[in-house]
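This report walks through a two-chain model, one region at a time. Keep the sequence and the coordinates open while reading.

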Amino acid sequence: MGASVEITSGLRASFDQAFAAIDPGYQPRLQAEWDWRTRQVPGGAPAETLLDRRGRVQAHYAALGTRVLDGEQRLPVAQVVDTFAASELSLPRRVRAFTRACESFVESTCLPAAGGFVLCYGFPVRPAWRIGRAHLGYTVLQEFWRQGIGAQDAARSSVAGDLAFEEDCEWPAELDAFFAQHAGELGLPFMRDTAFLRWRFDQRPNVKYSRCLLRRGSGLAGWAVLRVTDWSGERVALVCDRFCAPGDQEAELALDQWLGTQALAAGVTHLVAAGGEHSPEFRSAQERGWRIARSDYCMVGRSFDPDRPDSDWARRLRWTLADTDLV
Amino acid sequence: MGEQSNKLEVRPLEPQHIAQVLGWYSMRKGTVMEWLLLDGARPVHSLVACEGETVRALLPVLRLGDPIPGERPPMWEWGQPLVAPGSDAGAARGWVETLAAAFLRGQDDPEGVVLTWNDTRDPVPFDGFERLGSWSMLQGLPTGAEDGAWVMREALPLDDAAAAFIGACAGASAWVPRRSSAYLDWRYGRAPGGGHETTGVLEGGELRALAVTGPPRWEDQPEECLGDGPSTHVPCRVLPVYEFWVAEGACRPGQALLGNLAGQARAQACELNLALPSWQPAFDLCVGMGMRVTPTSRDLYARPAALAPSGPRASQAWNSRALDLEALRCAWPWSLGDAHFSWCPFESSGPAD
């Protein structure tokens, strides 16, 4: 999948300049955040940087490596993040530079390169994906449905007597096997294991997540991760990740209860999650009172495996906000 | 049309072709096909590939709504191509490609678009289409008692006033298939089998919300589990809502209408089933009353209604320039009524059991 990108001072400066040009509220990242987003990523963080003859950054195309589970196979996939073209270039030159950086990234890191990514995906705001479609072959894979419920309603969910929560504890070793045991019922789920969860939620600098493990007796029955933040203009409790065995309604209700209680304790009235309509949990969440609404985002992607067309990914990918760089 | 490919000739569909096509699949009802493709009040756009007088393949084509010359780009719907059973697969593919190319070559509006709904269990039978997205439905029995404060009018005539109301609700986007009273009369008044009902909500004598429902039917829905085994589908009895239009700002009349439809569905032991893009305010109204977003086994595909340059890269680049999928997705107020072939199938669209 390629080595993680080395963030040079020149690249950082170009990045800051490019993103400050489009976002007046942009705050430069600290070195710790860059480290977390590059060399600490369990699946690698390859990138392609296009330089001009004088060594100035023209365009940068980067990704976070992760994996999707398909039966026994762990398929390497890339979440495309932090891409840009130098803001001082004219629009046609920016498009050309960006396209060249992307093509070079694809050639070196995606199939048919050995061990290459089988899928690149991302979560742009809707207008932004036009460039990916026009120049890079991206297509919309899934809707990015916003799922919401009142924290009070969630907190009223029942918790079966044999279920109990463990809060803010270590991710247990048994989690890997628990997820693998049920992954076959999830279509093509993004991989969950302790290495990923530690990186995603424990090691991220300057962001605080709350989490619980759900136990049935001594055995693991699920988990949930919550972050209270401003999102799309409102203060919400974001469900960054949750998992239990598909069809385990008691566990789903218990996780709802924990999430609702946590949100209320933080003074927040609404819980928000996200997912695609083909997620196995999509219907049962609605039956428990979660309401679906559109969002500004969509999940786009490009398959590099001829045996797995875009429509196959679109129908079977299971993801949560943990698989985005939005939270 | 008169296109020649060896002995193959492409012709507009005519009544005598229908009998041959019906014979292929032992279809019991030619009336649905004749109504959809050969209604005397609407131009015929479907094409057949013939060898002599023998029909080899049919490309079903409908124009969404009514044409407005020079005003809006046309939106076409292609149904699944029908091919004479027992045909060589390569020849069949060639016939379908020939029909598709003939249709596209005959178009004179470069901004036109062709849509097709395709079951994900089958390959897309045409080249050049791009996936617009999954086709999800809103389904369920909305909660909330029927609101007696509103004047509910059933058996509302689908006349010029109703057509004008729909037009006003749909907005001024380029991607709005116009529904005239003539179109509505064809689409719902003269559909074989009948059973379409119209319900409107009036406020001060003015129409504020309108729905057209069809006869109850069984809808094949994918089960939740998406594991490694073959995907399974379960039938669910639904009352299809082909049209659901709410005037801007008329939230309560819209809720009243949905409540009334829920009562109709409940009385027939059905759930309501309708299609709305999520950017429409009526989508939030439906979800707010407890309807579920429910995936189907169908995807929606689109392509420009014109021939692309040859070569896959040229074709893809041209598609991207010629058709702004995002604009289409965010400006086309689709409804179940737009999906003619998927939800008004010929009696059997495949070989008879």
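## Conventions

Two strands pair if DSSP finds at least two bridges between them. Helices (H or I, at least four residues) and strands (E, at least two) are DSSP runs, numbered from the N terminus. The model is predicted: local features need pLDDT of at least 70, side-chain atom pairs count only at pLDDT 80 or more, and totals for chains, interfaces and linings use all residues. Residues are numbered from 1 along each chain as its sequence is written, while chains are lettered from A and ligands numbered from 1 in the order in which they are written.

## The sheet in chain A

Start with the strand pairs. Strand E2(A) and strand E3(A) run antiparallel, joined by 11 bridges. Ala59(A) sits opposite Ala85(A) of E3(A). Leu69(A) faces Arg74(A), again in E3(A).

Glu48(A) has Tyr61(A) in E2(A) as its bridge partner. These strands also form a hairpin, with 5 residues between them, and Gly55(A) in the turn has a positive phi of about 85°. E3(A) and strand E4 (residues 119-122) of chain A run parallel, over 3 bridges. Gln79(A) is bridged to Tyr121(A) in E4(A).

How many residues of E2(A) are buried? The count is 12 of 14. A residue is buried if 20 or more other C-beta atoms lie within 10 Å of its own, exposed if 12 or fewer, and partly exposed in between, with C-beta atoms placed from the backbone.

Helix H3 (residues 91-109) of chain A has 19 residues. The expected span of a helix is 1.5 Å times one less than its number of residues. That gives 27 Å for H3(A), and its end C-alpha atoms are 27 Å apart, so the two values agree. Its buried residues are Ala97(A), Phe98(A), Ala101(A), Cys102(A), Phe105(A), Val106(A) and Thr109(A). Their cover includes strand E1 (47-51), E2, strand E3 (73-85) and H4 of chain A.

His135(A) belongs to helix H4 (residues 129-136) of chain A. Is His135(A) buried or partly exposed? His135(A) is partly exposed, because 16 other C-beta atoms lie within 10 Å. Leaving out residues up to four places away in sequence, His135(A) touches Val95(A) and Thr99(A). Contact here requires C-beta atoms, placed from the backbone, within 7 Å. His135(A) and Leu11(A) are 124 residues apart in sequence and 23 Å apart in space, C-alpha to C-alpha.

## Domains of chain A

Chain A is assigned domain 1 (9-117) and domain 2 (145-300). Such bounds come from an automatic or database domain assignment. The C-alpha centres of the two domains are 29 Å apart. In the contact, 14 residues of domain 1 meet 13 residues of domain 2. On the domain 1 side, helix H2 (31-37) and E2 of chain A each give two or more residues. E2(A) gives the most, with 5 residues.

## The nonpolar core

A nonpolar core is a set of buried Ala, Val, Leu, Ile, Met, Phe, Trp, Tyr and Cys residues joined through C-beta atoms within 7 Å. The largest one has 192 residues. Leu214(A), Val239(A), Leu259(A), Leu271(A), Ala57(B) and Leu99(B) touch the most other members. Strand E2 (residues 57-70) of chain A gives the most to this core, with 8 residues. Domain 1 and domain 2 of chain A each supply at least three residues.

Leu214(A) has contacts beyond four places in sequence, among them Leu163(A), Phe165(A), Trp223(A), Cys244(A) and Leu255(A).

Chain B has 10 helices and 16 strands. Of its 353 residues, 44% count as buried. Among its contacts with a separation of 6 or more, 75% join residues 24 or more positions apart.

The contact between the chains takes 30 residues from chain A and 24 residues from chain B. On the chain B side, strand E9 (130-140) and helix H7 (281-288) are among the elements that give two or more residues. E9(B) has the largest share, 5 residues. By class, the chain B side has 7 nonpolar, 9 polar and 8 charged residues. Ala, Val, Leu, Ile, Met, Phe, Trp, Tyr, Cys and Pro count as nonpolar, Asp, Glu, Lys and Arg as charged, and the others, Gly among them, as polar.

Key:
Contact = placed C-beta atoms within 7 Å.
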